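Me: Could we go through this structure together? I would like to begin with one of the strands.

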Amino acid sequence: MSKKSQFINKLLEEIQKKRRTLKNKSSLLEKKIKSISKIYKLDSIEYEILLFIVMQNISPIIKSFSEELGNINSRSKKLYLFVEKVLHLSEWELEIRINSLIRKGLLAVRIDNSNPKCKAKIFEILANPKIKTEKQIRQAFLGKNQKSNLVWRDFDHLASEREIALNILLSALKNKTKGINILLYGFVGTGKTQLAKLIANKVKVEQYAVATETFGSDASREDRLSDLASKQTILSSTGNACILFDEAEDVMNRGFSDQGKASKAYLNQLLEETPIPVFWTTNNILDVDPAFLRRMTYTIEFEKLTEDIRLNIWKRVIKKNKLKLDNKKLVELNKKYEIAPSIIANAVKTTKLINGTQNDFEMFVENLARVVTKKKNVKKKKEFEMKDYDCNLINTDFDMKNLTGKIKSSGKLNFSLCLYGEPGTGKSLYARYLASELGIEVILKRASDLISKYVGETEENIAEAFAEARAKKAMLIFDEADSFLQNRNNAVRNWEVSQVNEMLTWMESHEYPFVCTTNLISSLDEASLRRFTFKIKFDFMTKEQANCAFEHFFGIKNVNLNLIGLTAGDFATVKKKADFLGINNIQELTTMLAEEVKIKNSKELQNSIGF
């Protein structure tokens, strides 16, 4: 007998010995494997394959032999000989059975098209002595039935969308329609997952979530796809359930290969043939492959919550958890923090745990928000307060009084402004003034708010800024616009081009006031300049304007200033300094203004970028 045959016979002998042990009617392990087979509707051969894979993992000797031979669906001649003797299958028959187990979710697909691995949950169930019955095993595979922490009225701002999604789910369950996929996408903390749960709760059907962890670690793409297939298989027999796939970007991004078990075709099949309706959620659809988006039955976009909507949710969560918090403090915190209801709920629980105060509650809110948002400063900037604004103090190449009046009387908000010129000449201040005249909110974004060191995140921040402005019907102001709209001909890196492209795309479709301010207009991309409704130059004050500004800021008339290069920003700076020092003398004030001009004319400032 050849060494190869001897080797295989030894493996056969060891497997048969192990199988005899498992076949013992008193074996709990045998009972569990049979229950798994029943739950997944395996035929006798699929059962044998599953049994063999389990034995590979629970028997060190068999595992050692198997590693020498190769994996279960390897095409090595030695393994084929073994499979023929043990399972009495040809190679192609074995391949068919392996694919069947993959489709049922018992084997996890591999992105690199290497041999599939057994679903990790199986070994968790086999190792847990508390899991004994078929019902317990089924529940272990499915997990907990999902329940929402929010209520129907929390989504009144999406009244139409939630009703459509609810009716789709009802109809799909009634008619047992395959291929139903509902995508909920948009800003973090806007309730996507909670609405998906709530719709299932409203319809009174069970909903089970695809696992995000395996053995305490983040689940891989293969693991998550396997768990989806597993739940589809188990729930298909009930016909009265749905699935929740949170963080869909894990499996729907553009990282799929064109080949292999985890190819685009594989996920397309899961989408098109799902016997159970699936709710998918993601914070960002920019990286989701369009092929998957096309297979969605219905989509709901979640924009940033308004303060009123967020406040109502805060109030209900705090009332439900019986935390004493006065309304004034609650309103204040709601203005400071744009965060998810789940953070509020966790902060409430922690505050109650230590019998804490309102200040403790705010501390916990900020602490949790920093971790979730990965930002050190999670407080909103204090809203701009418009004080007396005088158009006569800005020197532009356009009649700003006339422009303001025309914009107001037109009743239109789909305009854009490029305000360029020297720092401190009142560009941003005018934009805020115009917003107050139109009675709309201002959303101000600086380069530090948007630019990220991570590839693609700057584009996401730009998209979120426009989406927020659209949701609030607000005026969006980008200070330091040259940071985002630099000439693409001068770009060195790909991401520099993609940032400009992102800006141009949003500028083209944005329906509300958009304002860019810059003192480096020559560096702006030409395509961006063509997209602005108005391009207005802001310059230093004329002599007459400087004398008017002296009266406006210091209340002193008839001052004869002969300084060139003054701006409203210079007067504001000197005013603040003079108030601290108690100075109100014309000569001293004039000297202080001259110092501002002198510093401004230094080489360092002339070469600086910014406002």
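Me: Is strand β7 mostly covered or mostly open?
Reply: In this predicted model, strand β7, residues 241–245, is mostly covered, with five of its five residues buried.

Me: Which residues lie on each side of β7?
Reply: A241, I243 and F245 are on one side, and C242 and L244 are on the other.

Me: In what sense do β4 and β7 pair?
Reply: Strand β4, residues 206–209, pairs with β7 in the parallel sense, over four bridges. Within this pairing, C242 of β7 stands opposite Q207.

Me: And how many bridges join β7 and β8?
Reply: Three bridges link β7 to strand β8, residues 278–282, and the sense is again parallel. F245 has W280 as its bridge partner in β8.

Me: Changing topic to the helices: at what angle do α9 and α10 cross?
Reply: The axes of α9 (residues 159–175) and α10 (residues 192–203) cross at roughly 50° and come within 10 Å. That angle makes α9 oblique to α10.

Me: Left-handed or right-handed?
Reply: The crossing of α9 and α10 is right-handed.

Me: Which residues make the contact?
Reply: Helix α9 contributes R162, A165, L166, L169, L170 and L173. Helix α10 contributes L195, I199, A200, K202 and V203.

Terms used. Residues numbered from 1 in each chain as written. Predicted model: local features only at pLDDT ≥ 70, side-chain atom pairs only at ≥ 80, totals over all residues. Heavy atoms only, no water. Axes fitted to C-alpha atoms, helices over the stretch in contact; angles between N-to-C directions. Helix = DSSP H or I, 4+ residues; strand = E, 2+ residues; numbered from the N terminus. Parallel < 35°, antiparallel > 145°, perpendicular 65-115°, else oblique. Left-handed = near helix turned anticlockwise from the far one by under 90°. Contact = heavy atoms within 4.5 Å. Buried < 20%, exposed > 50% of the residue type's maximum accessible area, 1.4 Å probe, protein only. Pairing = 2+ DSSP bridges.
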